[in-house]
Amino acid sequence: MTSEHVVLASPLDLFQFSTRLYQLGVMIGAKSVFEMGSAIGYSTIWWARAVGDQGVIYTDGDPKNSAEARRYFDRAEVSGRITGKNGDALELLSEQKQEFDITFNDVDKEHYI
Ligand SMILES: C[S@@+](CC[C@H](N)C(=O)[O-])C[C@H]1O[C@@H](n2cnc3c(N)ncnc32)[C@H](O)[C@@H]1O
């Protein structure tokens with residue numbers, strides 16, 4: 001692990017955890033986030049609030065999650081900031097040409113601390 005990697009592992013509840021993601025995004029002035037495993041988009045909304053226009057890529061392997069997430073993005077008025085992708089997050093990441101200020105891995109539970 002290098003200083004460029006941050007591992008968030010704590011007993012915080014979901015709201016506290018997600019607002020930490022928001023704070024992290026704002027603190028480093030992040031403009032782009034690639035989220036691996038976004039489910040129904042709760043954390044995605046907080047990333048979108050932090051980074052602004054078209055800054056977040058949502059990924060999930062389950063299309064039902066994506067459909068539900070899209071409804072929440074509309075309700076939270078952040079749809080314009082998020083690009084949704086279905087499929088394996090690692091494969092989708094490997095297809096990206098750009099660099100990201102933050103890559104948030106929420107699929108690989110085996111390597112969580
Ligand atoms: C813990 S949930 C994500 C929660 C979300 N990041 C949040 O905080 O609101 C993990 C999600 O990862 C998705 N997932 C698991 N393996 C995946 C993979 N290889 N590629 C894409 N999505 C995956 C699951 O469908 C599930 O919705």
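Residues are numbered from 1 along each chain as its sequence is written. Because the model is predicted, local features require a pLDDT of at least 70 and side-chain atom pairs count only at pLDDT 80 or more, whereas totals for chains, interfaces and linings use all residues.

The chain contains 4 helices and 4 strands, where helices (H or I, at least four residues) and strands (E, at least two) are DSSP runs numbered from the N terminus. Along the sequence these elements follow the pattern α-β-α-β-α-β-α-β. Of the 113 residues in the chain, 27% are buried; a residue is termed buried if 20 or more other C-beta atoms lie within 10 Å of its own, exposed if 12 or fewer, and partly exposed in between, with C-beta atoms placed from the backbone. Two residues are taken to be in contact if their C-beta atoms, placed from the backbone, lie within 7 Å. Among contacts between residues at least 6 apart in sequence, 66% join residues at least 24 apart.

Helix H1 (residues 14–27) and helix H2 (residues 42–51) pack with their axes within 8 Å and a crossing angle of roughly 30°. Axes are lines fitted to C-alpha atoms, for helices over the stretch in contact, and angles run from 0 to 180 degrees between N-to-C directions. H1 is therefore roughly parallel to H2, as angles under 35 degrees count as roughly parallel, over 145 as roughly antiparallel, 65 to 115 as roughly perpendicular and the rest as oblique. The crossing of H1 with H2 is right-handed, meaning that the near helix is turned clockwise from the far one by less than a right angle. On the H1 side the contact is formed by Leu14, Ser18, Thr19, Leu21, Tyr22, Gly25 and Val26, and on the H2 side by Tyr42, Ser43, Trp46, Trp47, Arg49, Ala50 and Val51. By class, this contact comprises 9 nonpolar, 4 polar and 1 charged residues; Ala, Val, Leu, Ile, Met, Phe, Trp, Tyr, Cys and Pro count as nonpolar, Asp, Glu, Lys and Arg as charged, and the others, Gly among them, as polar.

H2 is largely enclosed by the rest of the structure, because 8 of its 10 residues are buried. These buried residues are Ser43, Thr44, Ile45, Trp46, Trp47, Ala48, Ala50 and Val51, and they pack against H1, S1, S2, H3 and S3. The helix is followed by Gly52, which has a positive phi near 85°.

In soluble globular proteins, nonpolar side chains tend to be buried together.

Not counting residues up to four places away in sequence, Val33 touches Gly25, Trp47, Val51, Gly55, Val56, Phe100, Asp101, Ile102 and Phe104. Val51, in helix H2, is buried, with 23 other C-beta atoms within 10 Å. Leaving aside neighbours within four places in sequence, Val51 is in contact with Gly25, Ala30, Lys31, Ser32, Val33 and Val56.

The C-alpha atom of Val51 is also separated by 7.4 Å from that of Gly29, 22 residues away along the chain. Gly29 lies in the loop between H1 and S1 and counts as exposed, with 9 C-beta neighbours inside 10 Å. A further C-alpha separation, of 8.3 Å, relates Gly29 to Ala50. Leu90, found in helix H4 (residues 89–94), is likewise exposed, with 12 C-beta neighbours inside 10 Å. Leu90 and Met36 are 54 residues apart in sequence and 7.4 Å apart from C-alpha to C-alpha.

Most residues other than glycine have a negative phi. Ala39, in the loop between S1 and H2, has a positive phi near 50°; with 18 C-beta neighbours inside 10 Å, Ala39 is partly exposed. Glu77, in the loop between H3 and strand S3 (82–86), has a positive phi near 60° and is exposed, with 11 C-beta neighbours inside 10 Å.
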